Every structure is written in structure tokens, then in C-alpha cells.
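Welcome to a short tour of a protein fold. Have the sequence and the 3D view open, and turn the view as you read.

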Amino acid sequence: MCPNSTKNENIWFDELSMPEAEKAAKEGKVVIIPCGSVEEHGTHLPLCTDSLQAEYIALGVARKAGCLVAPPLRYGLCNSTRNFPGTITITFDSLRNIMVDILEDFVRNGFKKLLVITGHAGGSHMTAIKLAGKTVVTNHMNENDRPRIMVCSDYDFAFDLRGKDFDDRDSHAGTIETSRVMAIRSDLIKGKGMQNFPNLPRFEITPDPERYFPSGVMGDPTIASSNKGQKINNYVIDQIVKLVKELEQ
Ligand SMILES: [Zn+2]
């Protein structure tokens, strides 16, 4: 069964039948493609933390804005956490290629409005997905009904709240991320985690960045709460609903 889905809501793309998929394409439905990672998130959060958040937000947006949600890609490209136990990364080329394949085949099926939401927001991961989007829109740039693709992370919006409701250094597995997962899957939280605000070098390339955050955390998970998480998740959903409206124009 698809994650977070308990009944047939006609939201998960791959729960549609063939005629339903054809009809949805003709109707110009926006398809959201959630992307996550398999990545350490401290001692207190699961490896699927980024996937959970992207999928939860995708479903929330789809319910509000009437979109479809594609089967999630639960692998991503993780650099700074790579040497921790549990992080399973794919390469830049693999991520870019699979995203090109997925986006191109939605376009071939007649879906011209696509939105990738990635819960993992590392720099090279984002670049690989954006380049995939660029390849696909460029492939179709001379067509009348050319596809439109947006790529964002839910953290493009969640981090708006840093410096307001949250410490402006809060990041990986910190207050915001821990709160959000508490609100989505509290059963997967294991203890409180440990506060750590690392001083990562700005320019030096290091083979073992984990020595700056040995607990796997960048922020303060000890002050996280489900209540905070629900507010952040609602805020993110509302912001991404606006993106869908832009795509529909
Ligand atoms: Zn994360």
C-alpha cells in the first residue's frame, strides 16, 4: 500500500486505472513527484525522515489543490552524511538520469505540469534534479503545449521560519525537522536526540565532515514538539499550494 493512504482518494497516480490516467492527463492535472533519501538523521529520527516529509507535504498539497502524487523516489544524493551508518546514497548521474526518465515519461503521457518536492535538500542533490528538469523542458521547448516543471524542497519554505520561530542555525535533524516528523510519524521517534550547532568549514572540502557533527545533528532536537511540527507542515503545504496555482495558470 502507498504510504499515508488508507482509502482510494484518486490521489496516488499509480492507484489510477489506465482510463483514469488518460482522463487525468486530458484534464491537465498537476502531478507531484515526491523525492526523499535514505539518510542518517541523528539517533532519534528514522532514515526515511526526508521521504516522510516530502510525501506528507505532497499528499497535503494534492488534497487541497486537486493534484496527483506520483510514486515517491525514496533515494537521494547525500554528501555530508555519507559516512554515517544507514546513509545509502545514489550518484549524481543516477539521480539526474532517473529524474529525466520519470519526468519525460509523464510528459509522454500528456502530463505537462510537473512539480518535484524533495525532502532532502543538499546542494548537489538539488542540482541533479534541477538539471533533469532543465533537460526535459529544453527537449520540448519548440512544442506548442510545452511542459512546465517546478523543483522545490519543502525546506525552501520550512526554513522561512528560521530566525522567527526557530534558531537561525537550525538544520539537519534539528528542531524544525524533528518537530515535523513528530507530527507525521511520532511512532518512529527514538528519544530526544542531542543538541549540536556545528561550525562547518565554509570553503574547505573535507572527506569526513561527520567529525563536525558526530551526533548526526545540526540544531537542537531536544526542544522539538509535534505541535510545532504541525504548524510548520501546514505552513509548507499552504506555500506549495500557491506554487500549484502558478503552474495551473
Ligand atoms: Zn532531512
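Here is a briefing on this structure, grouped by topic. Please keep in mind that the model is predicted. The protein has 7 helices and 4 strands, and from the N terminus on they follow the order α-β-α-β-α-β-α-β-α-α-α.

**Overall form**

- Along its principal axes, the C-alpha trace spans about 50 × 40 × 35 Å.
- A compact globule with 249 residues would have a radius of gyration near 18 Å, and the protein agrees with this because its own value is 18 Å.
- Of the 249 residues in the protein, 46% are buried.
- Take the contacts between residues at least 6 apart in sequence: 76% of them join residues at least 24 apart.

**The sheet**

- The 4 strands form an open sheet in the order β2-β1-β3-β4, and their pairing is parallel.
- Which strands sit at the edges? They are β2 (68-69) and β4 (148-153), each of which pairs on one side only.
- Strand β1 (residues 31-35) runs parallel to strand β3 (residues 113-118), and 5 bridges join the two.
- To find this pairing in the 3D view, look for Ile32, whose bridge partner in β3 is Leu115.
- β3 also pairs with β4, again in the parallel sense, over 6 bridges.
- On that side, Thr118 stands opposite Ser153 in β4.

**Strand β3, inside the protein**

- Is β3 enclosed or open? It is largely enclosed by the rest of the structure, because 6 of its 6 residues are buried.
- Both faces of β3 are covered. Lys113, Leu115 and Ile117 are buried on one side, while Leu114, Val116 and Thr118 are buried on the other.

**Helices on the sheet**

- Helix α4 (residues 123-139) lies across β1, β3 and β4, and its direction is at about 175 degrees to β4.
- Helix α7 (residues 226-248) packs on the sheet as well, where it touches β3 and β4. The direction of α7 makes about 160 degrees with that of β3.

**Two helices side by side: α3 and α4**

- Two packed helices are described by the angle between their axes and by the distance between those axes.
- For helix α3 (residues 92-108) and α4, the angle is about 35 degrees and the axes are 8 Å apart.
- The crossing of α3 and α4 is right-handed.
- On the α3 side, the residues that meet α4 include Phe92, Leu95, Met99 and Leu103. On the α4 side, those that meet α3 include Ala128, Ile129, Ala132 and Val136.
- The residues of this contact divide into 11 nonpolar, 4 polar and 2 charged.

**Helix α6, mostly covered**

- How many of the 11 residues of helix α6 (residues 175-185) are buried? The count is 10, and the helix is mostly covered.
- The buried residues of α6 run through Thr175, Ile176, Glu177, Thr178, Ser179, Arg180, Val181, Met182, Ala183 and Ile184.
- These buried residues pack against α2 (49-65), α5 (155-158) and α7.

**Two alanines in loops**

- Ala173 has its place in the loop between α5 and α6.
- Most residues other than glycine have a negative phi. Ala173 has a positive value, with phi near 65 degrees.
- Is Ala173 buried or exposed? Ala173 is buried, because 30 other C-beta atoms lie within 10 Å, and the cut-off for buried is 20 or more.
- Ala121 lies in the loop between β3 and α4.
- Ala121 has 20 other C-beta atoms within 10 Å, so Ala121 is buried too.
- Leaving aside neighbours within four places in sequence, Ala121 is in contact with Met126, Ser153 and Tyr155.
- Ala121 and Phe166 are 45 residues apart in sequence, and in space they are 18 Å apart from C-alpha to C-alpha.

Notes:
Residues numbered from 1 in each chain as written. Predicted model: local features only at pLDDT ≥ 70, side-chain atom pairs only at ≥ 80, totals over all residues. Pairing = 2+ DSSP bridges. Contact = placed C-beta atoms within 7 Å. Axes fitted to C-alpha atoms, helices over the stretch in contact; angles between N-to-C directions. Left-handed = near helix turned anticlockwise from the far one by under 90°. Nonpolar A, V, L, I, M, F, W, Y, C, P; charged D, E, K, R; others polar. Rg over C-alpha atoms; globule rule 2.2 N^0.38 Å. Buried ≥ 20, exposed ≤ 12 C-beta atoms within 10 Å, placed from the backbone.
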